Amino acid sequence: MINPTKLMRGAVSALAIMGAAPMVSGLPIVGATVALAQEQLVGSVLFEGNRRFSDAQLLAMVDVSASGIFTQQRLAADIESIRQAYDRDGFMGVTVTARTEPTADGRVRVVFQVNEGERAGIAAINFTGNNAIGAGNLKGTMLTKETGILSWLLRDDGYDEQKMAVDRERIRLYYANRGYPDAQVNSVAEYDAARNAYFVNVTINEGQPYEFSAVGIETSINGLNTDVLRGTVRTPEGGRYSASELQETIEDMAYEATAQGYSFADVRARLDRDVATGTFKVTYLVDEGARIYVERINITGNTKTRDFVIRRELEFGEGDPFNRSMVIRGRNNIQNLGFFSAVNITTGPGSGPDKIVLNIDVTESSSGEYGATAGYSTADGILGEISLTERNFLGRGQYLRAAIGASQAGRTFDFSFTEPRFMGLKVSAGVDAYHRIYDETATSFYGSQVTGGQLRIGVPLTSTLSASFFGGGERKIIKDDDPTDSSLVTDGQEILKGFGGYSLTWNSLDDQKKPTEGLIASINQQYTYLDYGTGTSQILKSEARARFFMPLIPDSGIVGSVRGQAGIINSLDGNPIHATEAFTPGAQLIRGFEGRGLGPRLTTGEYLGATLYAGVSAEIQFPIPVLPESYGLSGAVWADAAWIDDGTLPGTGTGTYAAASNDEPWRASVGASLIWDSPFGPLRGDVSHVLNKSTDDRTQMFQFTISTLF
């Protein structure tokens with residue numbers, strides 16, 4: 001019996017063969033034998049010539065691998081998928097070909113041959129129309145970077161239209177936060193085949209600048225204290241327009257209203273524009289919002305992080321009132337954990353008109369770091385460290401770090417663990433343990449072996465003020481290779497120490513890595529009980545530090561800062577302060593001096609240290625115009641002054657105090673610095689000129705250190 005389906009397929013195939021047959025002398029050739037290609041199974045997929053993408057990455061891009069069936073259509077689509085992946089990563093000259101090889105089992109092996117060519121970079125990013133804001137600041141906001149000396153490592157100089165669309169929005173928001181709400185941003189990229197690089201041209205229409213005029217608060221909620229709400233306003237009269245400060249005020253005001261017991265408070269900002277004066281009158285409207293409750297919270301995407309780590313950042317739970325500002329604050333809290341590359345929150349309908357479902361989708365990023373680093377410090381010489389750090393240990397949001405370090409001055413072994421929400425509270429708790437070996441050097445006269453640890457608790461008091469409490473113990477054994485050269489300690493001497501204390505920290509910086517405005521300050525006090533084997537002592541060590549940042553020229557990248565610090569050690573039992581507990585002021589107090597190079601010392605040159613010091617510093621940081629922003633280099637000029645008291649000296653042991661070591665208690669220096677925001681952390685080189693010093697002080701013209709806020 002003839003199968004009608006097969007008969008129809010045969011007829012269609014015959015017509016196709018006749019229509020496609022070649023023409024000879026104008027007549028079709030009929031009756032030619034044609035072999036029809038059949039689908040083949042794919043035995044394996046291989047790649048050759050690929051360096052940018054691994055075999056596993058390319059394998060995920062091709063369909064012949066996923067389907068297991070070979071067709072020419074699938075092969076052509078896979079070649080284009082690979083080519084587009086390289087194109088998105090900046091490889092403009094890439095070519096992709098493929099060949100097939102039969103296998104012994106009758107299948108086919110597909111081999112993709114990739115000729116990557118050279119990766120296209122960004123030759124220059126040019127701006128037109130940016131009269132109010134410099135090109136360097138605008139480049140700093142962009143994800144797209146110009147090709148520089150570190151581009152091979154950072155790989156941030158590839159052109160991608162999707163990334164450029166994000167950059168246009170980032171530039172627009174940068175203007176909107178600096179007084180230009182109507183700024184428009186366009187861009188065009190031109191590829192130069194001769195240089196294998198793009199020229200990106202960004203055109204900006206800044207629009208008119210605006211400031212805030214009168215600021216008011218109106219509410220329809222009886223009993224709401226608007227005077228307290230005024231403390232959340234970040235848009236003062238006379239301040240330049242800022243979209244982010246408007247949004248932050250709305251969120252903070254809604255949060256404060258919730259704290260007063262009005263969980264459904266809804267805050268909106270009404271803006272009245274006055275084009276003639278270039279101002280916005282702002283009225284914050286605080287009204288009772290719809291009474292909607294959170295029925296369920298769904299969390300997806302967290303393959304490692306536990307649900308409770310995300311939920312505890314929301315400050316509300318299922319069954320609680322729904323407040324949009326609280327949701328935004330919760331999203332920011334989750335993002336600030338540093339565990340996720342993206343956090344998206346959407347809402348859906350609940351089981352009733354007064355219920356809502358919250359959907360939180362996160363994209364996890366790597367939270368673990370391990371590796372070996374090497375460096376150089378003018379204080380410690382060549383140094384290195386092998387460390388393992390996990391910021392999300394076991395997916396519970398805990399911090400764990402273990403490190404082994406070595407330098408020309410000794411070795412260190414450190415362990416640290418922190419639970420950020422101890423017993424479910426907004427309290428962090430942690431433990432630190434360490435073992436450190438310090439070798440005897442020409443400047444230290446003796447070495448030591450120190451083993452110790454501490455317990456600590458941190459408590460946030462306000463959004464800008466936090467407190468921490470700590471306590472621990474330490475055992476120190478003195479190692480003196482030449483027992484005759486030190487007058488302060490003896491070889492093999494054991495010093496036992498118990499300590500406890502607290503610190504208060506105020507932090508209102510706008511950026512924790514590269515601040516431009518704000519204040520960071522800390523006060524630290526520590527009680528210490530010491531047992532030297534031959535006696536005991538009790539001391540109270542107090543230190544205070546503060547640094548204030550301010551932009552000197554708005555949107556120029558030029559930032560000024562003033563830093564102050566002071567410390568004092570008091571003996572609580574009348575015994576002299578032991579030299580092992582004295583302050584050792586150095587480059588962190590005033591630049592231009594060696595470590596242990598300034599302050600009281602003995603006639604033998606052995607360093608005593610200080611029990612009272614104070615210092616002040618002024619610094620101006622600025623971008624270097626001739627260098628691309630992507631290099632991460634900036635410059636600074638500064639002036640330091642410090643005072644070290646010798647009225648109350650540490651105990652001199654069997655030695656004699658050298659008056660010439662502190663015959664001029666005031667020290668002063670000026671200098672310039674080159675700061676590099678490197679992948680390994682902020683590094684700086686300081687060139688100093690000492691203006692005033694004591695006779696026996698040891699100066700140092702160049703210093704290479706890690707840059708810190710204090």
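Predicted model: local features only at pLDDT ≥ 70, side-chain atom pairs only at ≥ 80, totals over all residues.
**Figure 1. Arginines over aromatic rings.** A charge counts as sitting over a ring if NZ of Lys or CZ of Arg is within 6 Å of the ring centre and within 35 degrees of the ring normal. By that rule, Arg 52 lies over the face of Phe 53, 4.9 Å from the ring centre. Residues are numbered from 1 along each chain as its sequence is written, and side-chain values use heavy atoms, with hydrogens and water left out.

Figure 2. A pair of aromatic rings is described by the distance of the centres and the angle of the planes. Here, rings of Phe, Tyr and Trp (its six-membered ring) pair if their centres lie within 6.5 Å; planes under 30 degrees apart are called stacked, over 60 edge-to-face, and the rest tilted. The count by this rule comes to 12 aromatic pairs. One of them is Tyr 86 with Phe 91, an edge-to-face pair at 5.5 Å centre to centre with 85° between the planes. Tyr 86 and Phe 91 are both buried, where buried means under 20% relative accessible area, exposed means over 50%, and partly exposed is in between (1.4 Å probe, protein chains only). Elsewhere, Tyr 210, Phe 212, Tyr 241 and Phe 280 come together as one aromatic cluster.

Figure 3. Helices (H or I, at least four residues) and strands (E, at least two) are DSSP runs, numbered from the N terminus, and two strands pair if DSSP finds at least two bridges between them. Strands β14 (residues 340-349) and β15 (residues 355-364) pair in the antiparallel sense over nine bridges, making a hairpin with five residues between them. Phe 340 stands opposite Glu 364 in β15. Ser 351 sits in the loop between the two strands; Ser 351 counts as exposed because its relative accessible area is 62%. For a sense of scale, the C-alpha atoms of Ser 351 and Thr 654 are separated by 83 Å, with the two residues 303 apart along the chain.

**Figure 4. Lys 304 and Glu 364.** Lys 304 has its place in the loop between β13 (293-300) and α10 (307-311). With a relative accessible area of 35%, Lys 304 is partly exposed. Between the C-alpha atoms of Lys 304 and Glu 364 there are 7.8 Å, although these residues are 60 apart along the chain.

**Figure 5. Salt bridges between elements.** Side chains of opposite charge can pair when their charged atoms come close. A salt bridge here is a side-chain nitrogen of Lys or Arg within 4 Å of a carboxyl oxygen of Asp or Glu, and the structure holds 36 of them. Take Asp 252 and Arg 234, whose closest N and O atoms are 3.0 Å apart. This pair links distant parts of the chain, 18 residues apart: Asp 252 is in helix α9 (residues 243-259) and Arg 234 in the loop between α8 (226-229) and α9. Asp 252 counts as buried because its relative accessible area is 17%, whereas Arg 234 is partly exposed at 40%. Arg 268 and Asp 287 also meet in a salt bridge (3.2 Å, N to O). Here strand β11 (residues 265-274) supplies Arg 268 and strand β12 (residues 279-288) supplies Asp 287, 19 residues apart. Arg 268 is partly exposed at 43% relative accessibility, and Asp 287 is partly exposed at 22%.

Figure 6. Glu 313 and Arg 421 meet side chain to side chain in a salt bridge (3.5 Å, N to O). The two are 108 residues apart, with Glu 313 in the loop between α10 and α11 (324-336) and Arg 421 in the loop between β19 (410-419) and β20 (428-438). Both Glu 313 and Arg 421 are buried. Salt bridges also link Arg 547, Arg 591, Glu 619, Asp 640, Arg 684 and Asp 686 in a network.
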